[in-house]
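Look at the model below and turn it slowly. Keep the sequence beside it as you read this report.

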Amino acid sequence: MKNLDQIAQLGSSILRQQALSVEDVESDETHIIINRMFTILSESNGVGIAAPQIFESVCIVIIASRPSERYPSAPKMEPVVMINPEYEVLSQEIEKDWEGCLSIPEIRALVPRFVKLKITYLDCQGVVQEMIAENFIARVFQHEYDHLLGLVYLDRVENNMDIISEKEFQKMMTLKKI
Ligand code: NI
């Protein structure tokens, strides 16, 4: 994986801080942060990224689900930039599924997440947008939103037995395909 040194790794204090709201959505500074997030996301085969992961403690996430080596069954969508996102849980239903994180390489874990949300955010023009997110996309959002709170997905794992290596995860996925 290229550019790993540009991604904050677990242990870095910026991953444990509450990110600040973006005051000026259309500033050059905000655009530069978003562009860097896009570059690193596409180079690292991620399905989402949060600004604190590139050492910027501000409330910006990108959700960009698509099938990849890291997430073979991810649904394809147009990437969405979400500034100062908030969400409402639309169903109390919770599902456990595997997650990984560019800030915690070589590890996967089963994480319980809500399956249906209404997300409200500002787009790059500062316009309020709403999105109903379900299943994998709702999962990616909750994972990225946690980064804005200073949390990582391992904080949400219910049992240490649910944490495995990337290598074992890939083995399991290959077996499932057969
Ligand atoms: Ni992450």
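## Ground rules

Buried means under 20% relative accessible area, exposed means over 50%, and partly exposed lies in between (1.4 Å probe, protein chains only). Arg108 is buried, with a relative accessible area of 0%.

This is a predicted model, in which local features need pLDDT of at least 70 and side-chain atom pairs count only at pLDDT 80 or more, while totals for chains, interfaces and linings use all residues. Residues are numbered from 1 along each chain as its sequence is written, and side-chain values use heavy atoms, with hydrogens and water left out.

Helices (H or I, at least four residues) and strands (E, at least two) are DSSP runs, numbered from the N terminus.

## The nickel site

Which protein atoms are the donors of the nickel ion? They are SG of Cys101, NE2 of His143 and NE2 of His147. These donors lie 2.1 to 2.2 Å from the nickel ion. A donor is an N, O or S atom within 2.8 Å of the metal (3.2 Å for Na, K and Ca). Water is not among the atoms, so sites may look incomplete.

Along the sequence, the donor residues follow the spacing C-x41-H-x3-H. Cys101 sits in strand β4 (residues 94-101) and His143 in helix α2 (residues 135-149), so this pair ties together parts that are 42 residues apart in sequence. Cys101 and His143 are both buried.

## Salt bridges

Side chains of opposite charge can pair when their charged atoms come close. A salt bridge here is a side-chain nitrogen of Lys or Arg within 4 Å of a carboxyl oxygen of Asp or Glu. How many salt bridges does this rule give? The count comes to 12.

Take Glu166 and Arg108. Their side chains meet in a salt bridge, 2.7 Å from N to O. Glu166 lies in helix α3 (residues 166-177) and Arg108 in strand β5 (residues 104-114), so the pair ties together parts that are 58 residues apart in sequence. Glu166 counts as buried, at 11% relative accessibility. Arg108 is buried too, at 0%.

Is Asp146 buried or exposed? At 3% relative accessibility, Asp146 counts as buried. Arg156 is partly exposed, with a relative accessible area of 34%.

Glu168 pairs with Lys171 in a salt bridge, and their closest N and O atoms are 2.9 Å apart. Both residues lie in helix α3, 3 residues apart, which is about one turn of the helix. Glu168 is partly exposed at 40%. Lys171 is partly exposed at 45%. Elsewhere, salt bridges that share partners join Glu99, Arg113, Arg139, Asp146 and Arg156 into one network.

## A patch of negative charge

Which residues gather in a patch of negative charge on the surface? They are Glu23, Asp24, Glu26 and Glu29. Glu23 lies in the segment before α1 (28-43). Glu23 is exposed, with a relative accessible area of 74%.

Patches are made of residues with over 30% relative accessible area and no salt bridge; like charges are joined within 9 Å, and nonpolar side chains (Val, Leu, Ile, Met, Phe, Trp, Tyr) within 5 Å. Accessible areas come from the Shrake-Rupley method with a 1.4 Å probe, and for residues only the protein chains shown count as cover. Lys and Arg count as positive and Asp and Glu as negative, while His and the chain ends are not counted. The place of a charge is NZ of Lys, CZ of Arg, CG of Asp or CD of Glu.

## Backbone angles

Most residues other than glycine have a negative phi. Asn45 has a positive phi, near 60 degrees. Asn45 lies in the loop between α1 and β1 (48-50). Its relative accessible area is 29%, and Asn45 is partly exposed.

Asn84 also has a positive phi, of about 45 degrees, although it is not a glycine. Asn84 is found in strand β3.
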